[in-house]
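The report below treats the surface, the overall dimensions and selected charged side chains of one protein model. Please read it alongside the sequence and the coordinates.

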Amino acid sequence: MERITLFADVLLPLPVSGTFTYRVPFEMNDQISPGIRVVVQFGSRKIYTALILKVHDQPPERTPKYILSILDQEPVVRPVQMNFWKWLADYYLCTAGEVMNAALPAALKLASESKIALNPAFNSDLSVLNERQVILVEALHHRKVIAVSEVSKILELQKTIPVIKSLIDLGVIVSDEELTDPYKPKLEPFLRLCPPYSEQEDLLTGLFSRLEKSARKQSDILMTLLRISGFGAGSLKEVSQKELLKQSGGGQTSLDGLIGKGILERYHRMVSRFAPEAAEKPVESIELSEVQEKTLDAIRTEFKTRDVVLLHGVTSSGKTELYIKLIQETISQGKQVLFMLPEIALTAQIINRLRKYFGARVGIYHSRFNHHERVEVWHSVLHQGPETRPGEQRYDIVLGARSALFLPFSNLGLVIVDEEHDSSFKQYDPAPRYHGRDAALYLARLHGAKALLGSATPSVESYFNALSGKYALVELTERYGKLELPAVQVINLKEAQRIGMMKSHFSTVLLEEIEATLSRKEQVIIFQNRRGFSLRLECDLCHWMPACKFCDVTLVYHKKINQLRCHYCGYVSKIPEQCPDCHGTNIRMRGFGTEKVEEELGVIFPDAVISRMDLDTTRSKNSHQKIIEDFQEGKVDILVGTQMVTKGLDFDHVSLVCILNADNMLNYPDFRSAERAYQLMAQVSGRSGRKGKQGKVVIQSYNPEHMIIRDVVNHNYLAMFRQQIAERQKFRYPPYYRLIQIKLKHRDADALNRAADELAMMLRQQFGKRVLGPEFPMVSRIMNYYIKNILLKIEREPSLVMMKEKLMTILVEFQKRPAARSVRIIPDVDPQ
Ligand SMILES: [Zn+2]
Ligand SMILES: [Zn+2]
């Protein structure tokens, strides 16, 4: 047979533009296809996992290198995903390699720099390993951590990644990303027949007749094992100890007896950590209220002709029940559902509710998961549909944060973006700097799926799109159970201070309300916005404040560790004994962070149990959930927190919500600050009042007449929207104009200024008055890099695509100039 010389265009997970062509070794001709991962050398000596985009027979101009090895037998990335990646790269002005890097879980893209180590939790039998695998495992016993690039020396082998991959798949080793968050595989005991019984069926008859007489219970267990495993019918199903004992009704002692006699053996196997208990329960039906039913009908009707629906439902209106109905309808047509949330760590409640209805069909995917968990969901989604393998976990509903967009969906029918207004949908660093909601809408379009955006406080952009007809709008204005919206009272802090009605940062009215709530055995949420309001030190004499060495910000005081910490780079410093400027020794605390709130409330209400939820108390993996559960179960009386307490939580006994200072949200210099302040206050207020009882909200402010506060008091979203949209139009902001921010970074301030000025000039020649800046941002130095921003405001017409092309041409041109040397240029499309 004639051998064809084939070439493959591959994508590398690197910020380099374009694809690279490699020669396919003849023996791989049959195994190669788009979507399969291969190992290639790139640069002088480095190896990477690359993804094949195209296979062809056109030799490139320069002699290509050979593909080193193939990692997959079938594609792990689908054509529709590749289209999605391409769109992301084009829209958000980054390389397809950067998108690939964000899209694939770490375990699917090993490279020379990746480091591997033994999985500390793996203790199973190594006898199943082949010689090469054993050599590597032994090397890891001695050296602890080894870079992938070193493995070839150890194995005396060029093509090492397949060996590494096989060990990762077996759970024997882990990649370095896991070392900071050690993965504990969930091991479960399984049982199987020992030889010779497993090999010679005729021996079993004799065995049974012996057991029948002496050990009836053991005989039952053995019979059950044969039945469950399908013994004698070819391929055997594995039998877990749990299932065996449950189905046979036998006890541990009888089972141990069988093991002791050498009839059964126990072995351990990794099991899916996603198989929930609820999987066995039947699907519960949901009773919808009349209003919910009407709303659901309206959504269904809109979906007949429209692809995107914005569901504007006030807090506690029961949006989740509607989602569940729509999910049910979608999966019953054999289609997949993606349910996106801004911060999945905070949404155990929704996870539990979905699991209650859909059991093990719900997969969860987000970046806090370690790579084993992520790869497991990835493969499950990949093997959906007609090619679902027998016995494989089937996730046709995926609940996830924005990274779930990258899963290999084949047949999406519905995409739900809950809390669509939330700014955490935006990815900041690294590229692609995409907006999860906007990208989700495009993904839905690629699949011909319907998209539902849900919020009690929609983003101004989405509501504008709904009013202007781009999306359909469905409104749900009644709270579930006809619960009234909370009564909001505003305290004028200026006045309270004047007449001496303040205790520290609490007005006496607010303290009285807390007191009354606690005496009724009800719960309180206290919201303190983090921004610019945490504890800082200041010299009494000269007002010197300790600042970070590497960033242009003051350090924040943390009581627990009794140190100062930079919230941008993590720099930690001791508390100075005297002021370095004036040598004064009176250094005092300024500001009022959540930790301080918690402490002072503890003094005022010594009998109350107070808990705090902010970035500092929720660093470890399940800490959010613990805090929320304790509060839910009534173990805590007062919950003090930052933005986190506003997100997606429903509590049954909260009747008072306090917003300690509304002004620091409103005074933030950003065109979205008024909208954000409204959203935060309305969302946190919505936590108050449940079970037929109207809740109460107290807002403290120096500016109680502020329009946004008035809108919160009146629960008037529309008024907020109208005022904001008028301002957006007047000052040329989204949704009327598109923003592209170009961030420049350099270690040297002068060089940065020169570069920024030159780039701004080049941009003005093309874009004229659409260019603003360069300007230093609020924090103008982070980790020793100075930062300057240039902002482009682009009208919706003419074509944005054309404008972006022109912009990229200028950026490429600029990078050739001497002024651009060592400058990092970071375009951010639709910055938040
Ligand atoms: Zn001083
Ligand atoms: Zn810093």
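The accessible surface of the protein comes to about 38800 Å², and 50% of that area belongs to carbon and sulfur atoms; such areas come from the Shrake-Rupley method with a 1.4 Å probe, and for residues only the protein chains shown count as cover. This is a predicted model, in which local features need pLDDT of at least 70 and side-chain atom pairs count only at pLDDT 80 or more, whereas totals for chains, interfaces and linings use all residues. Residues are numbered from 1 along each chain as its sequence is written, chains are lettered from A and ligands numbered from 1 in the order in which they are written, and side-chain values use heavy atoms, with hydrogens and water left out.

Of the 832 residues, 53% count as buried, a class defined as under 20% relative accessible area, with exposed meaning over 50% and partly exposed lying in between (1.4 Å probe, protein chains only). The C-alpha trace spans about 95 × 75 × 65 Å along its principal axes. There are 25 helices and 36 strands, which are DSSP runs numbered from the N terminus (helices H or I, at least four residues; strands E, at least two).

A search of the whole structure finds 30 salt bridges, each being a side-chain nitrogen of Lys or Arg within 4 Å of a carboxyl oxygen of Asp or Glu. Three of them are set out here.

| Salt bridge | N to O distance |
|---|---|
| Arg192 and Glu265 | 3.0 Å |
| Arg433 and Asp429 | 2.6 Å |
| Arg672 and Glu461 | 2.7 Å |

In the pair formed by Arg672 and Glu461, Arg672 lies in the loop between α20 (663–666) and α21 (673–685) and Glu461 in helix α15, so the pair ties together parts that are 211 residues apart in sequence. Both Arg672 and Glu461 are buried, and they belong to a network of salt bridges that also links Glu675 and Arg728.

Asp711, in helix α22 (residues 707–713), is buried yet has no salt bridge, and the nearest side chain of opposite charge, Arg710, is 6.8 Å away.

Definitions and conventions:
Lys and Arg count as positive and Asp and Glu as negative; His and the chain ends are not counted.
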